[in-house]
Amino acid sequence: MFFMWLVAQLPLRVQWWLGSGVGRLVWRLGNSRRRITETNIRLCFPQLTEQQQRELVKKSFIANGIGLLEIGVCWFCDTAKLKAITTLHGLENFERARGRKRRAVADQYLWRPRRFKTRPDPDDPGFYGRKR
């Protein structure tokens with residue numbers, strides 16, 4: 001947790017650079033995970049050449065490494081900074097689903113955990129799933 005907090009204090013570009021490095025490292029060392037990803041990419045994208053498939057596998061690992069480090073930003077940055085670096089697309093779809101009283105997958109992305117709560121609290125200022 002300390003490592004995630006520490007990384008969250010860094011500028012985003014540095015976090016992306018570090019995350020890219022983490023992804024490349026796992027891509028090189030994670031043989032079994034790489035084989036699974038290669039199989040999935042080959043089955044899902046048979047129209048791509050082998051080189052394009054290999055490149056997509058590598059990009060997938062890099063994106064996951066970056067995403068892993070970005071989790072710390074959601075957990076440890078203040079709300080103002082998080083809102084400043086976040087762009088929300090498709091809120092109308094979320095609102096439409098909420099209006100029909102249906103669960104929306106976006107709930108997990110719009111809620112920022114505070115103090116490692118296990119359930120979102122709509123009255124928590126870190127909960128973005130409701131217009132105020």
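## Reading the helices, question by question

I71 is found in helix α4. The model is a predicted one.

Reader: What makes I71 partly exposed?
Author: Its relative accessible area is 35%. Partly exposed lies between under 20% for buried and over 50% for exposed. So I71 counts as partly exposed.

Reader: Which residues form the nonpolar patch on the surface?
Author: M1, L68, I71 and W75 form it. Together they have about 360 Å² of accessible area.

Reader: How many helices and strands does the protein have?
Author: There are 7 helices and 0 strands. Along the sequence the pattern reads α-α-α-α-α-α-α.

Reader: How does the span of α3 compare with the span expected at 1.5 Å a residue?
Author: Helix α3 covers residues 31-44, which is 14 residues. From first C-alpha to last, α3 reaches 20 Å. That is close to the expected 20 Å.

Reader: Which residues of α3 are buried?
Author: R34, T37 and I41 are buried in α3. They cover an arc of only 65 degrees around the axis, so they sit on the same side of α3.

Reader: What do the buried residues of α3 pack against?
Author: They pack against α2 (12-29) and α4 (50-76).

Reader: Which exposed residues does the face of α3 turned away from its buried side carry?
Author: That face carries R35 and L43.

Reader: Why does R34 count as buried?
Author: Buried means under 20% relative accessible area. R34 is at 19% relative accessibility, so R34 counts as buried.

Reader: What makes the R34 and E38 pair a salt bridge?
Author: The cut-off is 4 Å between a side-chain nitrogen and a carboxyl oxygen. The closest N and O atoms of R34 and E38 are 3.8 Å apart, so the pair forms a salt bridge.

Reader: Where do R34 and E38 lie?
Author: Both lie in helix α3. They are 4 residues apart, about one turn of the helix. R34 is buried at 19%, whereas E38 is partly exposed at 30%.

Reader: How many salt bridges does the structure hold?
Author: The structure holds 2. R54 and E50 also meet in a salt bridge, at 3.8 Å from N to O. Both lie in helix α4, 4 residues apart, about one turn of the helix.

Reader: Is S20 buried or exposed?
Author: S20 is at 14% relative accessibility. Buried means under 20%, so S20 counts as buried. S20 has its place in helix α2.

Reader: What does S20 touch?
Author: S20 touches I62 and I66, not counting residues up to four places away in sequence.

Reader: What share of the protein is buried?
Author: Buried residues make up 27% of the 132 residues. The protein exposes about 10000 Å². Carbon and sulfur atoms supply 58% of that area.

Reader: What share of contacts join residues at least 24 apart?
Author: The share is 56%, among contacts between residues at least 6 apart in sequence.

Conventions: Residues are numbered from 1 along each chain as its sequence is written. This is a predicted model: local features need pLDDT of at least 70, side-chain atom pairs count only at pLDDT 80 or more; totals for chains, interfaces and linings use all residues. Side-chain values use heavy atoms; hydrogens and water are left out. Helices (H or I, at least four residues) and strands (E, at least two) are DSSP runs, numbered from the N terminus. The expected span of a helix is 1.5 Å times one less than its number of residues. Buried means under 20% relative accessible area, exposed over 50%, partly exposed in between (1.4 Å probe, protein chains only). The arc is that of the directions from the helix axis to the C-beta atoms. Contact means heavy atoms within 4.5 Å. Patches are made of residues with over 30% relative accessible area and no salt bridge: like charges are joined within 9 Å, nonpolar side chains (Val, Leu, Ile, Met, Phe, Trp, Tyr) within 5 Å. Accessible areas come from the Shrake-Rupley method with a 1.4 Å probe; for residues, only the protein chains shown count as cover.
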